[in-house]
Amino acid sequence: MEKRNQTLTAGIGSAAGAVLLFGWLAGAVLRGETMALDSAARNAVHAWASPWLTAALRAITSLGEPEILIPLGALLVWRLFSTGRQRAAWLFLAAAIGGEVLDQTLKLVYHRVRPEAFFGYAQPGGYGFPSGHAMMSCCFYGVAAAILTARIGWRGRVLAWAMVGLLAAALGFSRVYLGVHYPTDVLAGYLAGAIWAAAVRIGFELRLRRAGPTKGSSGWRRWGRRAAG
């Protein structure tokens with residue numbers, strides 16, 4: 001029980017810190033205080049352009065597009081349901097779909113116009129703050145990794161989380177490199193994604209408390225294991 005309390009407290013504390021940082025960043029963006037830094041970072045990243053890097057980052061950025069996420073998510077949900085992991089399936093759906101709803105809501109709230117895209121990349125519709133690709137790297141890929149690595153050894157978990165971290169960084173960088181987001185859009189996406197993923201985790205932990213104490217390991221590993229049933 002003490003470990004569960006520590007896990008819950010740490011989750012709430014992390015989420016609260018992310019909320020405060022997101023609020024500060026959003027306020028700075030609305031006041032135009034980040035534009036000089038955003039523009040300088042965009043220009044610096046654009047200066048690294050090369051044909052091979054552009055092709056690679058176009059491929060990477062597609063991993064955050066609905067055309068990839070929807071069938072991949074459907075396959076994961078089907079697999080979880082077919083193996084009896086209904087709770088895990090519902091948790092993943094809550095994280096992924098809820099994250100998308102939150103992203104679109106925040107875009108409408110802040111109304112930040114996207115910058116001009118580079119390299120003839122098709123300009124996405126809608127607003128740019130926060131970055132949906134960065135947010136989905138947490139809500140989709142991060143939560144999927146938490147669930148899928150719940151039953152493997154620590155080496156496998158470390159490798160999986162390292163891969164998710166690299167993917168998240170590459171997705172965020174691709175959006176700045178291709179010119180469709182400012183760097184602060186990407187940072188806000190990471191923060192908003194972390195907040196929503198933490199909220200889902202905290203909600204599940206509180207539900208477990210109401211259901212009574214259960215043996216098991218702490219943290220995301222326990223979350224994924226308890227979701228197995």
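## A partly exposed residue

A residue counts as partly exposed when its relative accessible area lies between the buried cut-off, under 20%, and the exposed one, over 50%. In this predicted model, Phe119 has a relative accessible area of 31%, so Phe119 is partly exposed.

Phe119 sits in the loop between α5 and α6.

Most residues other than glycine have a negative phi, and most peptide bonds are trans.

Now look at His111, which is also placed in the loop between α5 and α6. His111 is not a glycine either, but it has a positive phi of about 50°. With a relative accessible area of 45%, His111 is partly exposed.

Then there's Pro130, found in the loop between α5 (86-110) and α6. The peptide bond that leads from Phe129 to Pro130 is cis, and its omega is near 0°.

## Two helices side by side

How do you describe a pair of packed helices? You give the angle between their axes and the distance between the axes. For helix α6 (residues 132-148) and helix α7 (residues 154-177), the angle is about 165° and the axes are 9 Å apart. That makes α6 roughly antiparallel to α7, and the crossing of α6 past α7 is right-handed.

Which residues meet? On the α6 side they include His133, Tyr141 and Ala145, and on the α7 side Trp161, Leu167 and Arg175 are among them. Sorted by class, the contact of α6 with α7 has eight nonpolar, three polar and one charged residues.

Methods: Residues numbered from 1 in each chain as written. Predicted model: local features only at pLDDT ≥ 70, side-chain atom pairs only at ≥ 80, totals over all residues. Heavy atoms only, no water. Axes fitted to C-alpha atoms, helices over the stretch in contact; angles between N-to-C directions. Helix = DSSP H or I, 4+ residues; strand = E, 2+ residues; numbered from the N terminus. Parallel < 35°, antiparallel > 145°, perpendicular 65-115°, else oblique. Left-handed = near helix turned anticlockwise from the far one by under 90°. Contact = heavy atoms within 4.5 Å. Nonpolar A, V, L, I, M, F, W, Y, C, P; charged D, E, K, R; others polar. Buried < 20%, exposed > 50% of the residue type's maximum accessible area, 1.4 Å probe, protein only.
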